[in-house]
Amino acid sequence: MPLRYLLILAVLAPFFQPGGRASAQVVMSGPRTCPGVALTFDLCPVRHPVGYDAALVDDLKTRSIPATFFISGRWAERHEQAVQVLRTVPFFELGTHGEAHAHLPMLDEAGQRQEILRAVSLLQHRFGVAAPLFRPPYGEYDDITVQIVKALKLQFILWDVVSGDPDPALSATEVLERLSRRIRPGSIVVLHANGKGRHTRQIVQALTESILPHKRLRPMTVSALLACRNETR
């Protein structure tokens with residue numbers, strides 16, 4: 001997703017996001033006492049025929065970098081072999097990202113439930129993957145979204161650091177400078193593995209080999225990050 005679009009979403013956030021007790025159920029980061037950072041990769045459906053950054057995933061596998069992938073149902077249907085690869089890596093975890101990458105607050109309750117549940121059911125029944133983590137498309141949600149996610153016993157995961165990796169206006173250096181400034185203990189970083197991330201493999205290599213070690217942080221899955229508590233950095 002281009003950075004300029006993410007910035008627009010930030011401005012519109014009050015219209016799409018709830019306040020009070022509902023928002024307390026939405027996870028944006030892990031414990032700030034934890035010396036870890038969750039690298040998360042959205043797998044949104046794209047029109048481009050590739051839609052999967054295999055080189056990035058292979059690099060993560062080769063270097064044993066834990067990662068969490070949020071998969072849309074439509075993407076999974078078009079990339080069954082890739083899902084099979086991802087599900088077999090012990091330091092990867094899979095969550096869902098809706099069925100068709102819809103704007104959830106624009107749907108009624110039945111529409112939202114269908115958009116959320118279809119991807120969960122697909123991973124469970126076709127691939128044998130239980131995926132309790134959910135990330136809403138575009139990061140958009142309302143009180144209805146939160147209530148549905150809770151009723152489905154899913155965990156609502158957003159992020160506190162936007163990489164901007166799909167933005168064609170940003171160089172790898174600019175993205176890395178942004179990440180270096182914003183990442184801190186417990187951060188959840190959003191990136192892309194659907195081929196839309198520009199320089200994502202280069203960015204992740206520099207992040208895991210330089211920036212995180214310099215900050216005395218290490219990559220974790222989202223679940224490991226949320227379970228992490230007061231550890232020595």
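E209 is exposed, with a relative accessible area of 53%. The value belongs to a predicted model, as do the others below. Exposed here means over 50% relative accessible area, so E209 passes the cut-off with its 53%.

E209 has a partner. Its side chain forms a salt bridge with R63, and the closest N and O atoms of the two are 3.5 Å apart. E209 lies in helix α9, which covers residues 200-214, while R63 lies in the loop between α3 (54-62) and β3 (67-71); the pair therefore ties together parts of the chain that are 146 residues apart in sequence. R63 also forms a salt bridge with D59, where the closest N and O atoms are 3.0 Å apart. Through shared partners, these salt bridges join D59, R63 and E209 into one network.

R63 has a relative accessibility of 22% and counts as partly exposed. D59 is buried, with a relative accessible area of 8%.

Another salt bridge brings together the side chains of R135 and D42, at 2.8 Å from N to O. This pair links distant parts of the chain: R135 is in the loop between β5 (133-134) and α7 (143-151), D42 is in strand β2 (residues 36-43), and the two are 93 residues apart. R135 has 0% relative accessibility and counts as buried. D42 is buried as well, with a relative accessible area of 4%. Because buried means under 20% relative accessible area, both R135 and D42 fall in that class. In the whole model, the count of salt bridges comes to five.

The loop between β5 and α7 also holds D142. What does a buried charged residue have around it when it has no salt bridge? For D142, the nearest side chain of opposite charge is that of R113, 13 Å away. The side chain of D142 does make a polar contact with the side chain of Q112, at 3.2 Å.

Next, the backbone. Most residues other than glycine have a negative phi. Y138, which lies in the loop between β5 and α7, has a positive phi, near 65 degrees. R216 is not a glycine either, and its phi is positive at about 60 degrees. R216 is found in the loop between α9 and β9 (218-220). With a relative accessible area of 55%, R216 is exposed.

Finally, the chain as a whole. The protein chain has 10 helices and nine strands. Of its 233 residues, 55% count as buried. The chain exposes about 10,800 Å², and carbon and sulfur atoms supply 52% of that area. Among contacts with a separation of 6 or more, residues 24 or more positions apart account for 81%.

Notes:
Residues are numbered from 1 along each chain as its sequence is written. This is a predicted model: local features need pLDDT of at least 70, side-chain atom pairs count only at pLDDT 80 or more; totals for chains, interfaces and linings use all residues. Side-chain values use heavy atoms; hydrogens and water are left out. Helices (H or I, at least four residues) and strands (E, at least two) are DSSP runs, numbered from the N terminus. Buried means under 20% relative accessible area, exposed over 50%, partly exposed in between (1.4 Å probe, protein chains only). Contact means heavy atoms within 4.5 Å. Accessible areas come from the Shrake-Rupley method with a 1.4 Å probe; for residues, only the protein chains shown count as cover. A salt bridge is a side-chain nitrogen of Lys or Arg within 4 Å of a carboxyl oxygen of Asp or Glu. Lys and Arg count as positive and Asp and Glu as negative; His and the chain ends are not counted. A polar contact is a pair of N or O atoms within 3.5 Å; within protein, one must be able to donate a hydrogen and the other to accept it, and residues adjacent in sequence count only if both atoms are side-chain atoms.
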